[in-house]
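Student: I am new to this structure. Could we go through some of its features together?

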Amino acid sequence: MAQGTVQVTHTGTSRWRRRTGEYASLAAALEAAGDGDILTVAPGTYRENLVVQRAVTLRGPEGSVGSVRIAPADGVALTVRASATVQDLHVEGQDTTVPALLVEDGTPELIDIRISTRSAAGLEVRGAARPTVRRCTIDNPAGVGIAVLDGAGGVFEECEVVSAGQSGVSVRGGGHPRLERCRVHHTSGAGLTITGEGSGLEAVGCEVYEIKGAGLQIASRATAHLTDSSVHRTSADGVTLDTDAVLTLSDCDIHDIPENAIDLRSRSVLTLTRSTVRRFGRNGLSVWDPGTRVDANQCEIHDSTGDYPAVWVSDGATAVLDSCRVHDVPDALFVLDRGSRVDVVDSDLSQIRNTAVSVSDGASAQLDDCRIREASTGAWFRDHGSGGTLNSCTIDAAQTGVIVTKGADPVIERCTVTSPAEAGFYVSAEGRGTFRGCRVTGSGGYGFHVMDGCRTTLSKCRTERCTRGGYELVDPSLPVIEDCTSDESAVLGAHGRAVPEPSANRLPSPQPAGPLASSPTPPVTPTTPEPQETALARSSDAVLGDLDALVGLDSVKREVRSLTNMIEVGRRRQEAGLKAASVRRHLVFTGSPGTGKTTVARLYGEILAALGVLKRGHLVEVSRVDLVGEHIGSTAIRTQEAFDRARGGVLFIDEAYALSPEDSGRDFGKEAIDTLVKLMEDHREAVVVIVAGYTAEMERFLSVNPGVASRFSRTITFQDYEADELLNIVQRQADEHEYRLADGTGEALLKYFAVLPKGPAFGNGRTARQTFESMVERHASRVADLAEVSTDDLTLLYPEDLPELP
């Protein structure tokens, strides 16, 4: 059979056999063919728009897959309107307004088809069509990979979308395909998109990955069911549900997602069974709006790569976790806003860097038979209207077991807190709470610590082996205490009130009772020991001596000394009974990176502590990521927490201009600024705030935020180091590490720093230190090759040890 011809074989029982033979074109062969005929196409390129309207078999030659190309100049390359079989063809479309292969009717079989096109869709199924598509590949960088619409269905087995300019698979208008063992990747839109009432998708054993967008997107009353499938390596959320969408995930794996692994809102419903959510940059589950609900059973959420809660529930949404594990995340569960609720049953929350369960803004959480361990805080009920129940739960190796603050009123029953570093249960800032049958053992602080003004009820609770004491009641008249015991002695108070009696093994606690009594926020054990008073006993002159010893920074030193003198004289005037000038201690540091801003901020805090202005003088360094949350409300919480950590010291905000980007839109940085300004006003004596960043950016930041600018007394500019000052830093590094600069090395360093590019990445002091480290590495490579070495060989750095200029 010659190339470019079509062999038609008639297989019917009719005696009329004129259809058998060769045809010069596919169109002619299809016109002549009848139901049951087999059309075998010779290798070649066919510039025809084909329409299959009968139940024929259209195929390429055996053993030569892809040798037949259907590639018209425009229009739909291949249209199927019957229950035909199409096999071993390569379809190429050039028209961006229509699909390359269109199935409009019947139950055809499409087998081993390669679609390589730049069309509106690679393969489109519509209307009453119900094709079976096996081992087909779609490459369409201009449009949708597979589109199923207008009530169409079909089964797609072992198919692959290797690229798509839009969605990999798009289902709408009541379409409802089934995908089995398919792969969708390298799309510029969502991997799978299902939208519209009546639209649905079922996928089994499928993989969606390398997606520039969301992996799976379901909206507008559509439904989907994925089993034994995975979504990973997207550029946006892994899975999104919106507006009454319904999704079931069974035995699925959602991983390596830079944003939310699963985000749902607007009355959407997700059922998650035996599935894993891991390595996500924001929330593992992000659940919004009244009527939105997640039911997760036997699932695992772990290994967050960002600084966001693993499960976020807000705006009246609901989440239920049954027999689940959440671990290795910054925070496990955040539930906020009135009407929002989380129910957690028989689940494990472990290795939580911050708070395992946080409840705020009137939300509710119920935990039954759950296990929390290795968390900074086990559960924190934060404010008025927030509550819920913890029933038969255990909390082990937390800093603080349960915290109740600001009018929150949970019920905690039959819960055990083991080995907390600070307190088992901590109630402050008019928090309430009812604790029944709870137990604290091995606390590094108190068992129950109830602050002044807290109307808490303790019933049948017990403490054992608590370092500072079983019960610390700052105002014993308010809490209701019934039948509580301790391994210390206790006596029954008036009106049936059981009041712990001081005993020999209870450590004395002066009033106010240490750090727990002095702050409305829970104590956090630092990673390094608390600074003792003796550590802050240095005079301001001694600390200023450390400042003077820094390389360069002459103008900075003058500014700090001027501030110090003002504060010192003001203190002396007060001691003499005179009025002291008000000195605003908050500062703006501007300048390039590596010019010593953080070091000076740390010394400034120590100076203020030495002068008695600050209690501790410690430095808490934060940036935008530490202050700005993902959702409304979370930013204020983060900013408050950072401010509280800095109480008695300095809050240093690096790159503060990032809180007010030029194109802010709905950015939550403004919420951080507003919260910070109020805190600075309400607690003006407690914390010194220093904002820092590049000079031009900080000028813009202050100009667009006059409320912030008014809170700062002055701006201190950190000039770039000169070449001789950078040389001085290298010399100090060498002395510290017992190296010496050989003759000529100093001059070589001066020339090196003079010509070193001063771009945005130039780090000043850091650059000097990195230069020294590079010299040490090159020195080591040079000396390692010497058979015998002297002390000079081991210590001298030569000009040839200098790194090459970038």
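Predicted model: local features only at pLDDT ≥ 70, side-chain atom pairs only at ≥ 80, totals over all residues.

Student: Which residues are buried in helix α12?

Tutor: Helix α12 spans residues 745–755, and its buried residues are T745, G746, A748, L749, Y752 and F753. Buried means under 20% relative accessible area, exposed over 50% and partly exposed in between, with a 1.4 Å probe and protein chains only. Helices (H or I, at least four residues) and strands (E, at least two) are DSSP runs, numbered from the N terminus.

Student: Why do they line one face of the helix?

Tutor: Seen down the axis of α12, the buried residues fall within an arc of 155°, so they line one face. That arc is taken from the directions from the helix axis to the C-beta atoms.

Student: And what is exposed on the other side of α12?

Tutor: K751, A754 and V755 are exposed there.

Student: Changing topic: why is strand β39 described as largely enclosed?

Tutor: Four of the five residues of β39 (residues 318–322) are buried, so the rest of the structure largely encloses this strand.

Student: How many bridges join β36 to β39?

Tutor: Five bridges join β36 (residues 293–297) to β39, and the two run parallel. Two strands pair if DSSP finds at least two bridges between them. Five bridges also join β39 to β42 (residues 341–345), again in parallel.

Student: What stands opposite V320?

Tutor: D295 stands opposite V320 of β39, and in β42 the bridge partner of V320 is D343.

Student: What is the strand order in the open sheet of five strands?

Tutor: The order is β63-β64-β65-β62-β66, with parallel pairing. The edge strands are β63 (619–622) and β66 (714–718), each of which pairs on one side only.

Student: How many bridges join β63 to β64?

Tutor: Four bridges join β63 to β64 (residues 650–653), and the partner of V622 in β64 is I653.

Student: Finally, where is V789?

Tutor: V789 lies in the loop between α13 (765–784) and α14 (791–795). V789 counts as partly exposed because its relative accessibility is 42%.

Conventions
Residues numbered from 1 in each chain as written. Heavy atoms only, no water.
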